[in-house]
Amino acid sequence: MTKDIKIALTGDRPTGRLHLGHFVGSIENRLKLQEEADQSFYMVADIQGLTDNAENPDKVRENVLEVALDNLACGIDPKKTTMFIQSEVPEIAELTVLFLNLVTLARLKRNPTVKDEMKQKGFGEDVPAGFLAYPISQAADILFCHGNLIPVGEDQLPVIEQANEIVLKFNSLYGETFQKIKPVISETPRLIGTDGNSKMGKSLNNGIFLSDTKEEISKKVMNMYTDPRHIHVEDPGKVEGNVVFTYLDIFDKKKDEVAELKKQYEKGGLGDVIIKKRLIEVLEYVIAPIRKKREEFAKDPKAVMKILEEGTKEARKIAEVTMSEVRKAIKINYF
Ligand code: ATP
Ligand code: MG
């Protein structure tokens, strides 16, 4: 274990294209850490994607390229960040098996993230064991390279907490091997969905994607929920819980103008169409450069897969070193 080295690691499940929630919740911090950390890793979490998509491998397979493209388009630079595919680093699976012994079933069932996502996906006792255990696999994703700085959205905090329990348990049973993991949370730890749902999610059908065209953005914004009692322009409207204003607060740089609009809206006399049109322009300003860069990278998918292949080789080398430390610590190093 090397102390005080900053190792950033992050990842996405290849279950769909990435959206604005990823951008403000995690990607902006990935870009910052790419410059500030000593080492940075980006993982396409295909095995985790399969935990609730076992019957749909095509979906996971197709989205590997999509999430890689989204990250490259946002500015993840393969020269600075090792980009790799989870399933191609079998040491992560090996580490997961060893960690499984350090966590109880009761603890997994109590994990608030797992509980929320099970409800969302309609799982009861029929939950796939792999899905229930994904926090354990996520601890292995992080620890295979001694990752300690993890840019995540708020929804993932209980998973990081559980990973830290694994660190403590491992170190107390087998000797100091892993360091404490620090989640890196952004100013917008959880972006709400276009439908007002508490989280924009790629599996929730409430996202504005980083690859959306201006027409798609417009359609989604025009359908956004504002205030059901704000029927006529002259009616006073509510700003709190109004999705359009929530997004303006996050994405509109002109804070004083937004504050003025809010006042007008609350007083009455400001129509939804005006604030929606403003939001469309604001979001287009954020997304247009990403979309353009994405289109460039998308012209050569083989080159993107090559980046992942090279990164995976690099990740495996590191994983092998960690596994030999782990095997020694657990006394399963025989030959
Ligand atoms: P799925 O619905 O398939 O789980 P997802 O949209 O939750 O997809 P993930 O790949 O699970 O996306 O998450 C990748 C990262 O992005 C995680 O760190 C997660 O916390 C963060 N993230 C996802 N959605 C949001 C959001 N709405 N706000 C802030 N961060 C988010
Ligand atoms: Mg998720």
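A salt bridge is a side-chain nitrogen of Lys or Arg within 4 Å of a carboxyl oxygen of Asp or Glu.

**Ground rules**

I'm working with a predicted model, where local features need pLDDT of at least 70 and side-chain atom pairs count only at pLDDT 80 or more, while totals for chains, interfaces and linings use all residues. Residues are numbered from 1 along each chain as its sequence is written, chains are lettered from A and ligands numbered from 1 in the order in which they are written, and side-chain values use heavy atoms, with hydrogens and water left out.

**Salt bridges**

I looked up Glu-154 and found a salt bridge to Arg-190, with the closest N and O atoms 2.8 Å apart. Glu-154 sits in the loop between β4 (149-151) and α9 (157-174) and Arg-190 in the loop between β5 (182-184) and α10 (214-222), so this pair ties together parts 36 residues apart in sequence. My note on terms: helices (H or I, at least four residues) and strands (E, at least two) are DSSP runs, numbered from the N terminus.

Are these two buried or exposed, or partly exposed? Glu-154 is partly exposed at 32% relative accessibility, and Arg-190 is partly exposed too, at 31%. For the cut-offs, buried means under 20% relative accessible area, exposed over 50%, and partly exposed in between (1.4 Å probe, protein chains only).

How many salt bridges does the structure hold? I got 23. One of them joins Arg-294 to Asp-70, with the closest N and O atoms 2.6 Å apart. Arg-294 belongs to helix α13 (residues 272-298) and Asp-70 to helix α3 (residues 57-74), so the pair links parts 224 residues apart in sequence. Both Arg-294 and Asp-70 are buried.

Next I checked Lys-306 and Glu-309, whose side chains meet in a salt bridge at 3.8 Å, N to O. Both lie in helix α14 (residues 301-330), three residues apart, which is about one turn of the helix. Lys-306 is partly exposed at 43%, and so is Glu-309 at 42%. I also jotted down a network: salt bridges that share partners join Arg-17, Glu-66, Asp-70 and Arg-294.

**A loop proline**

Where is Pro-128? I found Pro-128 in the loop between α6 (112-121) and α7 (129-132). Pro-128 is partly exposed, at 29% relative accessibility. Leaving out residues up to four places away in sequence, Pro-128 touches Thr-51 and Phe-123 (contact means heavy atoms within 4.5 Å). Thr-51 is 77 residues from Pro-128 in sequence, but their C-alpha atoms are 7.0 Å apart in space.

**Positive phi**

I reminded myself that most residues other than glycine have a negative phi. Asn-205 has a positive phi near 60°. Asn-205 is in the loop between β5 and α10 and is exposed, with a relative accessible area of 78%. Lys-331 also isn't a glycine, and its phi is positive at about 65°. I located Lys-331 in the segment after α14, exposed at 65% relative accessibility.
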